[in-house]
Each structure stands twice: as structure tokens, then as C-alpha cells.
Amino acid sequence: MEKSTSMLYDSPVSGASGYGPVVQGRPVEGRPVRMRRLPCCGLGMGWLLFIAGFFLAAIPWYIGAFVLICVRVHDHREKPGYVACTVAAIIAAIVIPLGVTKGTDSW
């Protein structure tokens with residue numbers, strides 16, 4: 001009895017019988033894993049802090065940078081928002097002092 005090689009090249013979406021997910025060539029059985037909903041309307045705390053930073057004088061960006069650097073975040077979906085906060089905090093730390101000293105000609 002010869003083994004068919006078409007099973008080795010199935011896409012991960014279609015199973016051996018034409019439906020269902022496949023992992024390493026075998027159909028996956030059981031209930032699908034559901035991820036919990038993110039807080040703040042599905043955005044996550046990182047993106048909430050990023051958006052709030054535009055309205056609250058960049059202070060939430062520094063909080064998001066602190067969380068990214070010093071706190072272990074268990075949900076990988078939260079990390080992009082915290083990275084955006086860190087980048088915005090770095091840019092704000094450069095731009096705000098330049099904007100404050102613009103009229104004094106201290107160069």
C-alpha cells in the first residue's frame with residue numbers, strides 16, 4: 001500500500017477530508033481555543049494610553065513606556081500599543097524641549 005504525498009502538501013486551512021484545521025498533516029480535533037477580549041473596547045491598554053497621550057500632554061506615553069520596559073505583559077496582543085507609546089515618548093522627549101526653547105535663542 002503506497003502512501004499518498006498529497007497529504008504532506010495540504011494547506012493548514014483544509015483538512016484531510018477537505019474541512020477543518022490541520023497541524024503537521026493531521027486534522028485537529030476538539031474545541032477551538034478562544035482568546036479573551038482585550039479591555040478598552042478591544043483596543044488594549046497600550047493603544048488606549050497611546051491615544052490618551054495626545055490629549056493628556058504625553059504623560060500616558062511615559063506610563064506605557066514604563067509598562068513595556070519594567071512590567072511583564074502576559075498578552076502578546078498588548079505589546080504593539082506599548083511599543084507605540086515608547087516611540088511616542090522618545091519623540092516627545094526630544095521635541096518638547098526643542099519647542100519650549102524655540103523662542104529663547106539659546107543655541
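1. Helices (DSSP runs of H or I, at least four residues) and strands (runs of E, at least two residues) are numbered from the N terminus. The model shown is a predicted one, in which local features need pLDDT of at least 70 and side-chain atom pairs count only at pLDDT 80 or more, while totals for chains, interfaces and linings use all residues. Residues are numbered from 1 along each chain as its sequence is written, and side-chain values use heavy atoms, with hydrogens and water left out.

2. Along the sequence the chain follows the pattern β-β-α-α-α, with three helices and two strands. A residue is called buried under 20% relative accessible area, exposed over 50%, and partly exposed in between, with a 1.4 Å probe and protein chains only. By that rule, buried residues make up 22% of the 107 residues in the chain. Accessible areas come from the Shrake-Rupley method with a 1.4 Å probe, and for residues only the protein chains shown count as cover; the chain exposes about 8800 Å², of which carbon and sulfur atoms supply 67%.

3. A contact means heavy atoms within 4.5 Å. Among the contacts in the chain with a separation of 6 or more, 44% are accounted for by residues 24 or more positions apart.

4. Helix 1 deserves a careful look, starting with its buried residues, which are Gly46, Leu49, Phe50 and Gly53. Seen down the axis of helix 1, these residues fall within an arc of 105 degrees, so they line one face of the helix; the arc is that of the directions from the helix axis to the C-beta atoms. What covers the buried residues of helix 1 includes helix 2 and helix 3, whereas the face turned away from the buried side carries the exposed residues Phe54 and Phe55.

5. Helix 1 is followed by Ala57, whose phi is positive, near 55 degrees. Ala57 lies in the loop between helix 1 (45–55) and helix 2 (59–70), and Ala58, found in that loop too, has a phi near 70 degrees, again a positive value in a residue other than glycine. Most residues other than glycine have a negative phi. Ala57 is exposed, at 60% relative accessibility, but Ala58 is buried, with a relative accessible area of 4%.

6. Rings of Phe, Tyr and Trp (its six-membered ring) pair if their centres lie within 6.5 Å, and planes under 30 degrees apart count as stacked, over 60 as edge-to-face and the rest as tilted. The count by this rule comes to four aromatic pairs. In one of them, the rings of Phe54 and Trp61 have centres 5.1 Å apart and planes at 85 degrees, so the pair is edge-to-face. Phe54 is exposed, with a relative accessible area of 55%, while Trp61 is buried, at 10%. Ring pairs also link Trp47, Phe50, Phe54 and Trp61 into a cluster.

7. Which residues form a nonpolar patch on the surface? They are Val83, Val87, Ile90, Ile91, Ile94, Val95 and Leu98, with about 600 Å² of accessible area together. Patches are made of residues with over 30% relative accessible area and no salt bridge, like charges being joined within 9 Å and nonpolar side chains (Val, Leu, Ile, Met, Phe, Trp, Tyr) within 5 Å; a salt bridge is a side-chain nitrogen of Lys or Arg within 4 Å of a carboxyl oxygen of Asp or Glu. Val83 lies in helix 3 (residues 79–100) and is partly exposed, with a relative accessible area of 36%.
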